[in-house]
Amino acid sequence: MEKLMTRFFLSFSMCFFLGIFCSTSSAQNCPSANLKYWQAFPPGGESDLSARHQQTVLKKRCPSIDTIVHYKPGAGGALMWSTMNSLAGDGLTVVGINLPHTVLQPMEGSVQYKTEDITPIFWFHYTPDALIVPEQSPMKSFADFVKTARGNPGKLSLGGSGLNSANHAAHERLNRDFSLKTTYVPFKGTGDLATSVIGAHIDGVMSYTAFAVNNRGKVRALAVAMEKRHPLLPDVPTFKELGVDWVDGAFRGVGVPKSTPLEARRRLAELWASLNAEPEMKELAAKSGFELVNIGPEQMDVFMRDRIRTYAEVGKQMGLGNK
């Protein structure tokens, strides 16, 4: 899985910078009217923060256009994704989407949508998994965490965003790969769980590097699922350093209702690619711990086939799809 992900990142980054995805000039056009940008998670989490970054950069790029952010949280994002095809396919309506959520949730069988109901047009962010505890936690290192967890099977509680989500999958992997037994506590979104972990109402979270970066001084990251240490978290070891070949996380992107015409999808994808190319977006992403990726229409089918296959294997390991 990790080798495939690395290959995709290198391929897509090269395509983007060589201009294979779309020319800069073709992406200069602004939307014809205000954009409606729907979020599947509550305000305050990584998805909301990324949308606000895009809102800021687009406003400077297209001063006459506003990006109106709407929220429809619930069921780990499934409430929004199960209704997105009922929205107007007007080329001005986009929905924030996430992987592996939109593969794992349908495998579980209780959501009202299928993976193929989601129409992604551009994936713009990747955020690596990270194990994080409150700053005041007595667990100062990953070794401390493992010792505590093994000495108290099932008693450590780790929060995460949603059920059958990237955080949930990472929690199950943590238990499996390190022979631990901890309890997963799902929240509506990262914004909702922040208060609980900062206040030490739960023992920690299986979240992302972005959460650790944006809450420095309030939380402590113990390990990150990256090839190399995060530049903003230089003292935090990677899981690879700890003996497990774990490089994974969550993708964020935008999708549209299926009724959206192909040309409108193309224009929106070019717009999002142009936002990612802006120096300000790169700066905002770096400061917040986001890894920018540029996966558009030309790469989408191959990328999605690989991700669906990979996450289906993860889902089976989690016991999904057995109903």
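Trainee: Which residues does serine 288 touch, not counting residues up to four places away in sequence?

Mentor: Contact means heavy atoms within 4.5 Å. By that criterion, serine 288 touches Leu49, His53, Ala210, Val213 and Asn214, with residues up to four places away in sequence not counted. This is a predicted model, in which local features need pLDDT of at least 70 and side-chain atom pairs count only at pLDDT 80 or more, while totals for chains, interfaces and linings use all residues. Residues are numbered from 1 along each chain as its sequence is written, and side-chain values use heavy atoms, with hydrogens and water left out.

Trainee: Is serine 288 buried or exposed, and in which helix does serine 288 lie?

Mentor: Buried means under 20% relative accessible area, exposed over 50%, and partly exposed in between (1.4 Å probe, protein chains only). Serine 288 has 7% relative accessibility and therefore counts as buried. Serine 288 belongs to helix α10; helices (H or I, at least four residues) and strands (E, at least two) are DSSP runs, numbered from the N terminus.

Trainee: At what angle do the axes of helix α2 and helix α10 cross?

Mentor: Axes are lines fitted to C-alpha atoms, for helices over the stretch in contact, and angles run from 0 to 180 degrees between N-to-C directions. For α2 (residues 46-61) and α10 (residues 279-288), the axes come within 10 Å and cross at roughly 160°. This makes α2 roughly antiparallel to α10; angles over 145 degrees count as roughly antiparallel, under 35 as roughly parallel, 65 to 115 as roughly perpendicular and the rest as oblique. The crossing of α2 and α10 is right-handed, a term for a near helix turned clockwise from the far one by less than a right angle, with anticlockwise giving left-handed.

Trainee: Which residues of α2 and α10 meet?

Mentor: Leu49, His53, Gln54, Thr56, Val57 and Lys60 in α2 meet Glu280, Met281, Leu284, Ala285 and Ser288 in α10. The residues of this contact of α2 with α10 comprise five nonpolar, four polar and two charged. Here Ala, Val, Leu, Ile, Met, Phe, Trp, Tyr, Cys and Pro count as nonpolar, Asp, Glu, Lys and Arg as charged, and the others, Gly among them, as polar.

Trainee: How do the axes of α2 and helix α9 cross?

Mentor: The axes of α2 and α9 (residues 262-277) come within 10 Å and cross at roughly 95°. That makes α2 roughly perpendicular to α9. Gln54, Val57, Leu58 and Arg61 of α2 make the contact with Leu271, Trp272, Ser274 and Leu275 of α9. Five nonpolar, two polar and one charged residue form this contact of α2 with α9.

Trainee: How are α4 and α11 oriented to each other?

Mentor: Their axes, those of helix α4 (residues 101-108) and helix α11 (residues 297-317), come within 9 Å and cross at roughly 45°. α4 and α11 are therefore oblique to each other, and α4 passes α11 in a right-handed crossing. On the α4 side the contact is made by Val103, Leu104 and Met107, and on the α11 side by Ile308, Tyr311, Ala312, Gly315 and Lys316.

Trainee: How many disulfides does the structure hold?

Mentor: A disulfide is a pair of cysteine sulfur atoms within 2.5 Å. The structure holds one disulfide, and that bond joins cysteine 30 to cysteine 62 with an S to S distance of 2.0 Å. Cysteine 30 lies in the loop between α1 (2-17) and β1 (35-39) and cysteine 62 in the loop between α2 and β2 (67-71), so the pair ties together parts that are 32 residues apart in sequence. The torsion about the S-S bond is about -90°, so the disulfide is left-handed. At 36% relative accessibility, cysteine 30 counts as partly exposed, whereas cysteine 62, at 2%, counts as buried.

Trainee: Which peptide bonds or phi values deserve attention?

Mentor: Most residues other than glycine have a negative phi, and most peptide bonds are trans. In this model, a cis peptide bond joins leucine 99 and proline 100, with omega about 15°. Proline 100 is found in the loop between β3 (93-99) and α4. Serine 179, although not a glycine, has a positive phi of about 55°. Serine 179 is located in the loop between α6 (166-177) and β6 (183-187), and at 58% relative accessibility serine 179 counts as exposed. Alanine 200 has a positive phi near 60° and lies in the loop between α7 and β7 (204-208).
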